[in-house]
Amino acid sequence: MLKIENLHVRIGEREVLRGIDLEIAEGETFILFGPNGSGKTTLLMTLMGFGNYTITEGRILFKDVDITHAPIHERARLGIGMSFQRPPTIHGLKTRHLVQMCAAHGNNKNGVDVEAMAGRVNFDTFLDRDINAGFSGGEIKRSELLQLMAQAPDLVLFDEPESGVDLENMKLIGTTARRLLDGFIEPTPGVSMKEQKSRRRTAGLIITHTGYILEYVNADRGQVMYNGHLCCEARPRDILDHVGRYGYQECVRCLSQPGSIQESLGGAQ
Amino acid sequence: MTGPEFKLSDFSFDGAQAPGIEDLSTLDAADKKRLLYAGVDVDQKDRAGSFLHMDHSGVHCHSSNPGVEILDIKRALKKYDGLPGHFWTQVDPDKDEFTRAARENLHGGYFVRTRPGARIKEPVQSCLFLKGQAVGQNVHNVVIVEEDSELHIITGCAVAGEDQSAAHLGISEFFIKKGGKLTFTMIHNWGHNTVVRPRTAGVVEAGGVFQNNYVLLKPVKTLQSYPAITLAGEGAVARFNSVIVAPAGSHVNSGSRINLNAPGTRGEIISRTMTTGGTIIAPANITANAVPARGHLECKGLIIGEGRIWAIPELDGTLEGVELSHEAAVGKIAQEEIEYLQARGMDEDEATSTIVRGFLNVDMDGLPEKLQQAISEQIDQLDSSDAM
């Protein structure tokens, strides 16, 4: 579904991503680990198409369409959705209105029951408030999830779903994220839940620091981003355990092994 | 600061008499539309009364609620012996050439007074309309909200044609007695060649509330106004909300002032201004001469493409213990906001107009649905203009 080939990205003069290759299949959930400043958020922002991120090399394919230089809204309409970490406040724009717009431009063209949907993330009392105006960390997450539910994208980009969220909210956010990826599976006559599950189509690319989100979502694969490179592909749980025990220092060592990516780049850094 | 110069002698202040109109629904379709955009519903449904002044004559005056008296100011002056204690007590007739013109050659205006304790749920609508070419209009309005009564006035000022030359000079004086509440919504619907000089002041007694909403979305050659409200009684409250848009060729100097002159008074001024090529000067002043007193100013301006916005927030506290604050910003639409909405599937134009609509969407309580719709319609039309 998503294919990234040799992606190099600059912010201003600084090269932040230095040759990223990554494939995410339909319905697959991929977890991205890495220390602060390693380029994780840059990758997400580049995938969504934001202005400050300049692609100098490589390409991005989504559903076999080359979107390397496509404008943001075209990517969104093709089926990429993103949960923002620090979304801007837009005064005078009611949350309800934005949720309706998300549905109209996404996979819910016939509209959604905004009240019911908001009820699922305990956000119905916020619908008449200006979007993101004075929202707490947990409220921002719930608002972002609500917009994604309405949009129903085929690939969801989550930037640190657990940041700034208290434990009580974490459960709600975690289960909602899982449902967003797995589909809102409920016992339905004629179709087994297993069958429903096998029909899931939504892929996910999730950035996590703490790994709390792994307790909720079914993560298939994971990788560590370090200094603009991807390395150490493994089961997400194993990566988390490893990083928890040894820190990201091991990744540096891994990268500096002979024959590693670093070597092939001519030993810079 | 006053914008393009003009001479009052270029306008005719005599001779543009208009005949009375018994039934407002007999107006022609074009006039009806202009009036609707200025907040006047000719069907008069859900209105406590209507007043229409055209060029130099009051042409319609009607009250359907016994709790509110509506008269042409000339009749009111006769009936109440010149309205002593009210007429020309808030605005100084010698203030400038425009007040002098209104004193010397009064054409009309409305007198609206509630009965004490009357809570008038439906708004009174009024319109000061300029239909003739190069007509100058002098009006004087007096509004008295008696003790513990409540009233909403929607007043529209409009010209019939967008390119019509016209001058509107208007004096307005407001009196809100103890525990009274006035919501005053003014919608200006001028044209490229209209010059406008309203002079407005009022006083609010203890526990009274003055809520002022002002909307200007259409072009105007030059407009200068600076309504001043004095909160003279304990616990009185005043709020000004304004939404002003200036396309190229418009020069708008529109501000407001609140004097907090009694303990426990509160004032708030919120303005949203947007230029797509015109000039907007937005002075706002809250002066606190008593404690406790609280005031807050919020001036936000958007420059889209070109134009000028000059926000002048002023806070003047003369005693220890006053609490005054302000928040002012002049800028452009943040790229971050556009991109956020694009990530939800809106293209750049749609994202921009969504943000502008939000920016101009100041909550104004109690606007009738049809008027709200008319305002939204006008904002949508701004979107489709080439400026955006």
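This is a predicted model: local features need pLDDT of at least 70, side-chain atom pairs count only at pLDDT 80 or more; totals for chains, interfaces and linings use all residues.

Reader: How many cavities of 30 Å³ or more does a search of the whole structure find?

Author: Rolling a probe the size of a water molecule over the atoms shows where empty space is left. Here the search finds three cavities of 30 Å³ or more.

Reader: Which residues lie nearest the centre of the largest cavity?

Author: They are M186(B), T200(B), Y214(B), S225(B) and P227(B), out of 25 residues in the lining. Two or more lining residues come from each of β7, β8, β9, β10, β11 and β14 of chain B. The largest share, four residues, is that of β8(B).

Reader: What is the lining of the largest cavity by class?

Author: Eleven residues are nonpolar, 14 are polar and none is charged. For the second largest cavity the lining divides into five nonpolar, five polar and no charged residues. Among the residues that line this second cavity are S242(B), I269(B), P283(B) and C299(B). Strand β18(B) gives the most to that lining, with three residues.

Reader: Now the helix. Which residues of α3 in chain B are buried?

Author: An α-helix has 3.6 residues a turn, so residues three or four places apart point the same way. In α3(B), residues 97-104, the buried ones are F98(B), T99(B), A101(B) and A102(B). They sit on the same side of α3(B) because they cover an arc of only 160 degrees around the axis. Their cover includes β6, β8 and β10 of chain B.

Reader: What is found at the start of α3(B)?

Author: A side-chain oxygen of D96(B) comes to within 3.0 Å of the backbone nitrogen of F98(B). F98(B) is also one of the buried residues of the helix.

Reader: Last, the serine. Is S50(B) buried or exposed?

Author: The cut-off for buried is under 20% relative accessible area. S50(B), in strand β1 of chain B, has 1% relative accessibility, so S50(B) counts as buried.

Reader: Which side chains does a polar contact join to that of S50(B)?

Author: There are contacts of 2.8 Å with Q44(B) and 2.9 Å with Q125(B). Leaving aside neighbours within four places in sequence, S50(B) is in contact with both of these glutamines and also with L24(B), H60(B), C61(B), H62(B) and I70(B).

Note on methods
Residues are numbered from 1 along each chain as its sequence is written. Chains are lettered from A and ligands numbered from 1 in the order in which they are written. Side-chain values use heavy atoms; hydrogens and water are left out. On a 1 Å grid over the protein atoms alone, a cavity is a set of points where a 1.4 Å probe fits but cannot get out, and a pocket is an open set with protein on both sides within 12 Å along at least five of seven lines; lining residues have an atom within 4 Å of a point. Grid points are joined across faces, edges and corners, and a volume is the space filled by probe spheres set on the points. Ala, Val, Leu, Ile, Met, Phe, Trp, Tyr, Cys and Pro count as nonpolar, Asp, Glu, Lys and Arg as charged, and the others, Gly among them, as polar. Buried means under 20% relative accessible area, exposed over 50%, partly exposed in between (1.4 Å probe, protein chains only). The arc is that of the directions from the helix axis to the C-beta atoms. Contact means heavy atoms within 4.5 Å. A polar contact is a pair of N or O atoms within 3.5 Å; within protein, one must be able to donate a hydrogen and the other to accept it, and residues adjacent in sequence count only if both atoms are side-chain atoms.
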